[in-house]
Amino acid sequence: MGTRLGDLVERFGGQLVGDPNLEVQGIAPLDSAGASHISFLSNSKLRALAAQSGAAALIVAPLDDATVAATYEGARIVTTNPYAYFARAAQYFAALDDTPPPPGVHPSAVVHESATVDPSAHIGPNVTVDAGATIGAGVVIEAGCFVGRDAEVGEGSHFFANATFHARCKIGKRGILHSGAVIGTDGFGFARENGLYIKIPQTGRVLLGDDVDIGANTTVDRGAMADTIIEDGVKLDNQIQIGHNCHIGANTAMAGCVGVAGSAKIGKNCTFGGAAMVLGHLEIADNVHISSGSMVSRSVLEPGQYTGFYPLAKNAEWEKSAAIVRNLSSMREKIRTLEKQIKQLTEQAEQK
Amino acid sequence: MGTRLGDLVERFGGQLVGDPNLEVQGIAPLDSAGASHISFLSNSKLRALAAQSGAAALIVAPLDDATVAATYEGARIVTTNPYAYFARAAQYFAALDDTPPPPGVHPSAVVHESATVDPSAHIGPNVTVDAGATIGAGVVIEAGCFVGRDAEVGEGSHFFANATFHARCKIGKRGILHSGAVIGTDGFGFARENGLYIKIPQTGRVLLGDDVDIGANTTVDRGAMADTIIEDGVKLDNQIQIGHNCHIGANTAMAGCVGVAGSAKIGKNCTFGGAAMVLGHLEIADNVHISSGSMVSRSVLEPGQYTGFYPLAKNAEWEKSAAIVRNLSSMREKIRTLEKQIKQLTEQAEQK
Amino acid sequence: MGTRLGDLVERFGGQLVGDPNLEVQGIAPLDSAGASHISFLSNSKLRALAAQSGAAALIVAPLDDATVAATYEGARIVTTNPYAYFARAAQYFAALDDTPPPPGVHPSAVVHESATVDPSAHIGPNVTVDAGATIGAGVVIEAGCFVGRDAEVGEGSHFFANATFHARCKIGKRGILHSGAVIGTDGFGFARENGLYIKIPQTGRVLLGDDVDIGANTTVDRGAMADTIIEDGVKLDNQIQIGHNCHIGANTAMAGCVGVAGSAKIGKNCTFGGAAMVLGHLEIADNVHISSGSMVSRSVLEPGQYTGFYPLAKNAEWEKSAAIVRNLSSMREKIRTLEKQIKQLTEQAEQK
């Protein structure tokens, strides 16, 4: 199904230079776009590539427009953030191709009689919705998902197949739970007595705001007594672990395999690279960016980029450097000895 | 539902100072407890907070009791381990609020005719229990779980929604399998021939003792020929991977995202911080504590705390230190050269 | 059920020294094999153990045969790769014990009328197969799995319980998806505008070749616009994350907890130790081996073994070394100062 450029501009804004009746069938990156595509220039360094693009139309920023216009003959949509424009246009094209799952409850699903399911929601095969749960308008719960007792799923949220959302947890509007994600499992809390662990019941909830994405096989624990809170717009990639009683500020994003231990308080607009780890009870300020593979073992109260991983080397070289790292304090001792000796020598030299 | 302090003391011990008929509705931490709560002082440093607590009663240790009693006017339960007492009392209050799932097999569950399910067990919706499996008294298997052929689930164990427990594996009494946990998947074993991997069948089992907790999305592989063994009281948090043929000693606890490669033998009463990794075939003694983010690349035969992660720094500082780490051997060379030069200078000076 | 040695040799090759009518019941490692077992010597260092083995027969390499024959009195199968021979024989014995699941669709499974399921395939309880999906000959889809719209599962592939295989993805012949694995979830792609993340639809697929194994709770994201590609013979252990648009070359193997960020291109015959991480958009050549716990933050274009993790130490020692690592640039400054001072002293000494 195609779309007129005029329709796109009407929907998403931007200034069209070219024929509003020109139809495009989809969106594609610069290097693979053909005559039926619209493409986009999100990085000024790629201007040369844009000039050669076979796309029917290009989304460009004002500061690139003159240069592109000089050689590129297709239509242009000029807009301040071409990458965001691309994302919106791509969502639009994807929706054209998509067959949304039909409203209604699949006969194989088990929905407790006390649960409330909006008639516009889709409940897929082999789903279980427990007592008192509330499923909002337009929600999609795919096959094999579990929604626990008194849980609340906000309007337009989408749970992919085999996701698990436990009792009393809440997710706001337009949330996404990817397959295998588990929200509201017990936190890891024990008292110790005579060498044995005694479980501390985890009676808090997980509260997810609006527009929160939870990746595949990511886990978020419920709070011990208070709640675990994830604010609006937080994006968690796959295989992430969020411990009990954490608080993650709005629009913070974490890449795959990140771990956050219990009671950490993380600010807004932070980013965490893959496999970064945060110890428990720490505080991370707003606008902090942690590089991949870094262990955060103390609070970070100042915005900025932080890093801490051992640099990769050929194994033989690593063995050498690691052996020295192990003995750095002896190296420091040697330097101190040298300093003393030199001081002595210098004094002797001066006395002569 | 409330509880008399006298009932608590009768059930869990401790010395009550105050009215045994005083009723409390629940347990709460010092800073949020109100007039209907009992609270607890687990850390002497918080004595001042205890004195100001609005709780109706406090659980305190003998060594804190005099100080607390001087200013705090509520009732007190004096006991040697207030934190453990809190855990037990919290379990008790949680059970009062809890609606345990009813005994019986949900009609949508598929239980093989040769499986044995105790009449007191609960088998939830969309569960599958395969041939020859045994489900003990009081067991709860929530929605969407899978229990494989000839598997055995001990009395009082609880599988949360969408957990997977494979053929022939066993779990003892009072075990917990959180959602998405997978027990008894094939270990990662291959022979290599002409560049291709040939799968080695994994025919061992996973044997979990009593009181074992397995976190959400944690995986434990079955042994290759022998079994993978997890002893009584082991607590594994979420997103942990335990390789085939590992042996984990009683009452060892691991925080989220830990990985243990195949055939590692880990002692009793160990702790592993989040994202710690243990290489295969290593041995870890009893009472070893591994810090978060540390890679255990050799056996650890002496008890104690061990650590190994790169310290976090501002990215610019990390870049400097990482560059030097890469070239530590040249730094060592420089120091050696300096040592030689100084030795020469010193000898020259002495000769004069 | 037993097997004649003659049958084994007929099936898997090798030169038999001994009675072809001797029956063995199974295969076992050297130290536990008894009179009803065949065992194998995969490492010349274990020759002494082999000599004492109680096994009825041994699989040995030509270069070990003479030594073994001198003391060991059982039968021998001489073959160039005893470990691969063991793997094949073990597969054979395992299949003898195995009850393969029966062909057909379990009545509790929900298979869309437009899906194509080969009559020889097994579709277990509570499985969902969506519209247009194709399930090949001899495929086993265990309980609770999900196969999405238009997905294709090749001949002889096996999905263990509660695996998820999303729309339009393909897996070739003899593939294995372990429990909790999720193939084809959305990649982590967003545009940012005014501090908010705008989702970029992930419209590519995941294409898995033949003989690909995917471990328990491992996740592979679909491509953003192009596909994520995993070539023939790739083996992924548990808890691995593969980002969108990655390309993994044939017969590459990754141990548990590895993470690979989006658009990384990894060569053939590589190995990755547990918890290794690869940043996005990097290129890794063929035959590169990354040690456990190592962060790959730059492309690796030369074959070889690469490592980068902080060495483990007693915590007190680590604290010392980590403090110095943090201040390595001041140590370098001190060395420079020493070098200058010594140069001065040396010049002074020469002038005298």
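Biologist: What makes strand β11 (residues 122–123) of chain B and strand β14 (residues 140–141) of chain B a pair, and in which sense do they run?

Modeller: Bearing in mind that this is a predicted model, β11 and β14 of chain B are joined over two bridges and run in the parallel sense; since the rule asks for at least two bridges, the two strands count as paired.

Biologist: Why are β8 of chain B and β40 of chain C said to stand at the edges of their sheet?

Modeller: The sheet is open and has twelve strands with mixed pairing, in an order that begins with β8(B) and β11(B) and ends with β39(B) and β40(C). β8 (104–105) of chain B and β40 (313–314) of chain C each have a single partner strand, so one side of each is left without a neighbour in the sheet.

Biologist: How do you know that β39(A) pairs with a strand of chain B?

Modeller: Two bridges join β39(A) to strand β40 (residues 313–314) of chain B, and at least two are required, so the strands are paired, here running antiparallel. Within β40(B), B:Lys314 is the residue that stands opposite A:Tyr306.

Biologist: What makes the contact of B:Arg88 with A:Glu193 a salt bridge?

Modeller: The N to O distance between these side chains is 2.8 Å, and the limit is 4 Å, so B:Arg88 and A:Glu193 qualify. Across the interface of chain A and chain B the rule finds two salt bridges, while 23 residue pairs are in polar contact. On the side of chain A that touches chain B, α6(A) gives the largest share, nine residues, and the residues there divide into 33 nonpolar, 26 polar and eleven charged.

Biologist: How much area do chain A and chain B bury between them, and how many residues does each bring to the contact?

Modeller: They bury about 5,400 Å², with 66% of it on carbon and sulfur atoms; the contact takes 70 residues from chain A and 69 residues from chain B.

Biologist: Why is the aromatic pair of B:Phe40 and B:Phe86 called stacked?

Modeller: Over all chains the count comes to 33 aromatic pairs. For B:Phe40 and B:Phe86 the centres are 4.0 Å apart with 10 degrees between the planes; the limits being within 6.5 Å and under 30 degrees, the pair is therefore stacked. The pair links distant parts of the chain, with B:Phe40 in strand β5 and B:Phe86 in helix α4 of chain B, 46 residues apart.

Conventions
Residues numbered from 1 in each chain as written. Chains lettered and ligands numbered in written order. Predicted model: local features only at pLDDT ≥ 70, side-chain atom pairs only at ≥ 80, totals over all residues. Heavy atoms only, no water. Helix = DSSP H or I, 4+ residues; strand = E, 2+ residues; numbered from the N terminus. Contact = heavy atoms within 4.5 Å. Buried area = accessible area lost by both parts, 1.4 Å probe. Polar contact = N/O pair within 3.5 Å; in protein donor to acceptor, adjacent residues only side chain to side chain. Nonpolar A, V, L, I, M, F, W, Y, C, P; charged D, E, K, R; others polar. Phe/Tyr/Trp six-rings, centres within 6.5 Å; stacked < 30°, edge-to-face > 60°.
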